[in-house]
Amino acid sequence: MNMVLSLIIYSPYLAALPILYITYRYLKEGNWSLEHSWTNGLLFLFFWSVLVGFANDQGIYITSSLFLLGYFFLSMYLQEKYQREDAIENLLSSLFFLSLGSAFIAFLDKIGVITYDPAWWKFLIGTRSIVDIGDYQNYRVSGTFNNPNLAGTWYAIMVLIGYYFLQKKSGLTKWVYALCMMIFALTLMITESRGAVIGLFLGFVIYSYFSGHKKKMLFLMFLLLGSIALMLHRPDWFPRGEILFSSIRDRQAIWINTFEMFLKKPVTGWGLLGIYFADRSIYDYLRVFHAHNILLTLATTLGVVGLFTFFYMKWSLLQEIRILYQANCRLTPLLSGMQAMILGQGVFDFTIMSPQIGVLFIASAAMIGGLARTYRPIVGRTIAWQQGKYKKA
């Protein structure tokens, strides 16, 4: 398992290998289990994206749809193998400590030990992106994730995981987690990803809610809103403040442009890579791979059918989180916080298009589903017992 996790952490390209292996194994064995709404939604999105590819007469869209099929099989695998809290905690702990190597690479990049000069191994491990990402690449680090915003997502999730174990451990182990958590927080800062920091705040808000700390949740919400207001008023106090308003204008232009694309094909959309490969007469702004917003990207690429399928998947996931919350599952705050963090950053970005972040997003949802499968009978019996007791009373 450590080898699988390392492939995911240390290369945005090799991360596809574990997904390919799991897909091959399931296709060979034919042991499909379509009992979970989340996985059913992923399978439907795969078939729908293929149809959209044919509708747009673009083979590359169909090829990119295979990632959705891989996520479907990955989700099934994790739901079957990780239905116990201790198994999931062991997996997340391994992921946490193995990610320290990526943070170390990010620091080497920051201090100039790893330069931005082209080299095949830099492209492979993701310290340099194949696609030009602008002048800021000279002072923002990408770790092993190809892009500073993607790196910010990963390190923010590691901060959440570290905080979870910090609450559970004691003695020397607690201090080890605290130190590692600080390392990831510093690494997040040098990515200078504002969206990831906002997402992390939202992750902690949801974490506090499901931990039963309502006052802490409200404090974090006010702190987040106050920080955003201060950043808009005094951007020079924050990293990359000099380009804050130009970044906002760029995103507004991209949102407007992609929304106009959506209006042209509201049902089917343009395909998974349709935003980038659209005709220049249709897309009259900066060419990008996605709409820098999860919902707008789904609407533009897969139409209202894909968008409402995603809503259905998230609704079913919320019902399973509710089951875990009723069962007092100790992983409810963390797994819910991971989902909230990625979705929070998704207001400004579409980081789940990366195989590495996509795996985190799919994995946390699949683990929620696996745990819900374990706890659903227990919660059902508890509710039935309570109803019977109240009727007798």
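Predicted model: local features only at pLDDT ≥ 70, side-chain atom pairs only at ≥ 80, totals over all residues.
Reader: Why does Asn 293 count as buried?

Author: Its relative accessibility is 16%, and buried means under 20%, so Asn 293 counts as buried. Asn 293 sits in the loop between α14 and α15. Leaving out residues up to four places away in sequence, Asn 293 touches Trp 255, Gly 346, Val 347, Phe 348, Asp 349 and Phe 350.

Reader: What about His 292: which loop holds it, and what is its phi?

Author: His 292 is also in the loop between α14 and α15. Its phi is near 55°, a positive value in a residue other than glycine. At 14% relative accessibility, against the 20% limit, His 292 counts as buried too.

Reader: Where does Glu 192 lie, and how do you know whether Glu 192 is buried or exposed?

Author: Glu 192 is in the loop between α10 and α11. Its relative accessible area of 16% is under 20%, so Glu 192 is buried. Phi of Glu 192 is near 55°, again positive in a residue other than glycine.

Reader: Turning to helices, how do you know how α6 is oriented to α7?

Author: Their packing angle is about 20°, with the axes 4 Å apart. Angles under 35 degrees count as roughly parallel, so α6 is roughly parallel to α7. The contact is made by Phe 96, Phe 97 and Leu 98 of α6 with Leu 100, Gly 101 and Ser 102 of α7. By class, that gives four nonpolar, two polar and no charged residues.

Reader: Which residues of α7 are buried, and what puts them where they are around the axis?

Author: The buried ones are Ser 102, Ala 103, Ile 105, Ala 106 and Asp 109. They cover an arc of only 160° around the axis, so they are on the same side of α7. In an α-helix there are 3.6 residues a turn, so residues three or four places apart point the same way. Covering the buried residues of α7 are, among others, α1, α6, α8, α9 and α10. Just after α7, Gly 112 takes a positive phi of about 90°.

Key: Residues numbered from 1 in each chain as written. Heavy atoms only, no water. Buried < 20%, exposed > 50% of the residue type's maximum accessible area, 1.4 Å probe, protein only. Helix = DSSP H or I, 4+ residues; strand = E, 2+ residues; numbered from the N terminus. Arc of directions from axis to C-beta. Contact = heavy atoms within 4.5 Å. Axes fitted to C-alpha atoms, helices over the stretch in contact; angles between N-to-C directions. Parallel < 35°, antiparallel > 145°, perpendicular 65-115°, else oblique. Nonpolar A, V, L, I, M, F, W, Y, C, P; charged D, E, K, R; others polar.
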